[in-house]
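Please find below a note for a colleague who is meeting this structure for the first time. The points can be read beside the sequence and the model.

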Amino acid sequence: MAHTTIITAPEKVTPIIKKEQYFSLSFVLSRVLNSGVIMSIEKNENELKGLEKSIGKLTQSKYVSLFNSYTGAVHAALWGQDIVHGSLTRLEGASEQDQRFLNWLGVGLVTDAEVEQGFEKVSVTWDNLPLLEHELQQKLQQPPVLVLDFTELGFGPCAAIAANDESVWTKAERLKIFGAFDLKTMWTQEESEPDIQPGAQFNYRLSPLVAACVKLSLLRRNSSHED
Amino acid sequence: MKTDFIRKPLSLPSEAWINEQLAYYGGPAVIPEDSRKTTFPSITKEDIVQMLVSIQQSPEEVIHEFTEKYRGYVGANYAIATASGTSSLHLALVGVGVQPGDEVIVPAFTFIATAQAVVAAKAIPVFVDIDPLTYNLNPALVEQAITARTKVIMPVHVHGLPADLAQLRALADKHHLRLVEDASHAHSASIGGQLCGSIGDGAGQSLMADKNFPVGGEGGIAFFKERVDYERALTFLHETGIDYRMSWIAAAFGISQLERLPYYDAIRARNASYLTNILAQTRLFKGPYVPEGHKHSYNMYRIKLDPEAAGLGDLPDYQVKEAIQELAASEGVFAREWQNVPIPGHLPFQNRKGFGRGYPFTLSERKDFGYHIDHFPETLKMLRSTLTICRELRSPIEYERIAAYALAFQKIDANPSIIRELVLKNTAAKKSYERDARLG
């Protein structure tokens, strides 16, 4: 008899939400559901911008791009720096998932310290949320691109890249079908900008509902459960 | 608290509106400016209650419940819920066995994600022109495009009209190819009662905001007929580390929305039927052609223009289209181009950067990929001579709104001399595919 199995990321099985986190999740969700956030990509654009702005402040970065998964953000962090199929990069503390994903992208992973680190990463959880600024300060020494993974907050796969180089952001947005440029104008890249013309594109677009939940979690990260 | 509801209802429609002066020239618009807000499905108490239930389950349980319920509804054997329609297509292709460098036949007229999913599978999209009646992949042209590298035929049920799967299946069987449906527009659409998504060897379907079944903003689902293909897709996810998981929030919305999908489908079908019947009474406009036994889901509604029947056959078709678009917009009807350039004419296929350094296009021995838009005359003709209404049939569109749309087309149909006047005035109009390509 036919049946389905749920897929999970190979190396990062989403933990079951702890009971003590129900209140936080319920609070965030009920606020989002009552905010008029409905299923319109254009109308909900503000939710995505709001989350980008919050992350920008937190990371003291000029440019933030959102993704519907950690691997989407990794892809964008590399593509944004022209680390593409056939390139080499270095990652400190590369997980098995990182290694497999880079292998699929056709990007070679090396340990040579001469090679610049591809990106720095931070996983945001309910446990480190109140201390996020402190953790980010430690990570923000010299990274060209920071990958933030919000998946463990429990709203679903959600990640971002933060950078100060505009070209990284521009290229990262180009990797997404309906990235910033496309959604605003619905136009594809013009011939006059050959450097950022799209290649393979993926739908890495984050659901505005998930974005709204993550944004609210970030905004109330220093609040306790009573509100 | 913000509301999802429209604040101002439309007046009850009247046939007298047809004879009023066109809004373009100062007459009353059929749909006044303050009543043009697009309606989206509202969040209901069922959604809220489902969310309260789902929040107490693990994300995996919620996604599993949604996947299983929708798989059963579609009648597919196996399913994997994903983050987007593009990722579901990618998984469907990999699942049926597409390998780097393989060729996949797709229609030249679709959304860019169809062809980008082929590139994501590290395969080469081979574009084929459309059927002039259905605007779907033309089976008569597919056979010519089959080579020793072809692995899959991937038709798209564009706008929700099922493609000719019987003929395509026969071709696939004859050449030992796999058949993968892009069912992104085709929720609840069917052929002979069998739902799109369950007919091919594999299928991908978008569940994003603009679709008939829009779950929680973004999502998708891949379907498989054979267990081996389904397992191959799961193995691929494991081996590559790619995270294509759907958010449980979207899945929870999917569970509650699925209960009312048949009602929404019925509203859309009723609206489409009403509009098609009215357009059949005009000279200029014609609704979509639907073959016997096919059930259209009307995610979009493409209107064919017939300038000749209205005495405008001496004018360039694309200029007539542009004039009508302008007149319709002033009446409050957003009839527009959906796609203006055949997909092979978009930059990712013209430049073929792929994953970088031209991969996977570098795996092909082709000198000419056949991506020049002149290879697709029927697509070009359709782009010159049709207009699409995208959200206007979707539930919960009320009767008076669909009636108003019909009246607006009747009002334009009654004024061919004004169309001629506009065409002669706007000599700078270009064919749509001579402009930069739009995504939608």
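1. Basis of the model. This is a predicted model in which local features need pLDDT of at least 70, side-chain atom pairs count only at pLDDT 80 or more, and totals for chains, interfaces and linings use all residues. Residues are numbered from 1 along each chain as its sequence is written, chains are lettered from A and ligands numbered from 1 in the order in which they are written, and side-chain values use heavy atoms, with hydrogens and water left out.

2. Confidence in chain A. The average pLDDT of chain A is 83, and 77% of the residues score at least 70, where pLDDT is the predictor's confidence in each residue, from 0 to 100. Over residues 1-16 of chain A pLDDT stays under 50, and for this stretch the model has 49 contacts (heavy atoms within 4.5 Å) beyond four places in sequence.

3. Fold and dimensions of chain B. Chain B has 13 helices and 13 strands, taken as DSSP runs numbered from the N terminus, with helices being H or I of at least four residues and strands E of at least two. Its radius of gyration is 22 Å, close to the 22 Å given by the globule rule for 440 residues, so chain B is as compact as a globular protein of that length; the radius is taken over C-alpha atoms, and the rule is 2.2 Å times the number of residues to the power 0.38. Along the principal axes, the C-alpha atoms of chain B fill a box of roughly 65 × 55 × 40 Å.

4. Burial and contacts in chain B. Of the 440 residues in chain B, 65% are buried, a term that means under 20% relative accessible area, with exposed meaning over 50% and partly exposed in between (1.4 Å probe, protein chains only). Among the contacts in chain B with a separation of 6 or more, 76% come from residues 24 or more positions apart.

5. A cis peptide bond. B:Tyr359 and B:Pro360 are joined by a cis peptide bond with omega of about 10°, and B:Pro360 lies in the loop between α10 (347-351) and α11 (377-385) of chain B.

6. Positive phi values. A:Asp82, a residue other than glycine, has a positive phi near 60°; it sits in the loop between α3 (70-79) and β2 (88-89) of chain A and is partly exposed, with a relative accessible area of 46%. B:Lys122 likewise has a positive phi, near 65°, in the loop between α4 (112-120) and β3 (124-128) of chain B, but B:Lys122 is buried, with a relative accessible area of 9%.
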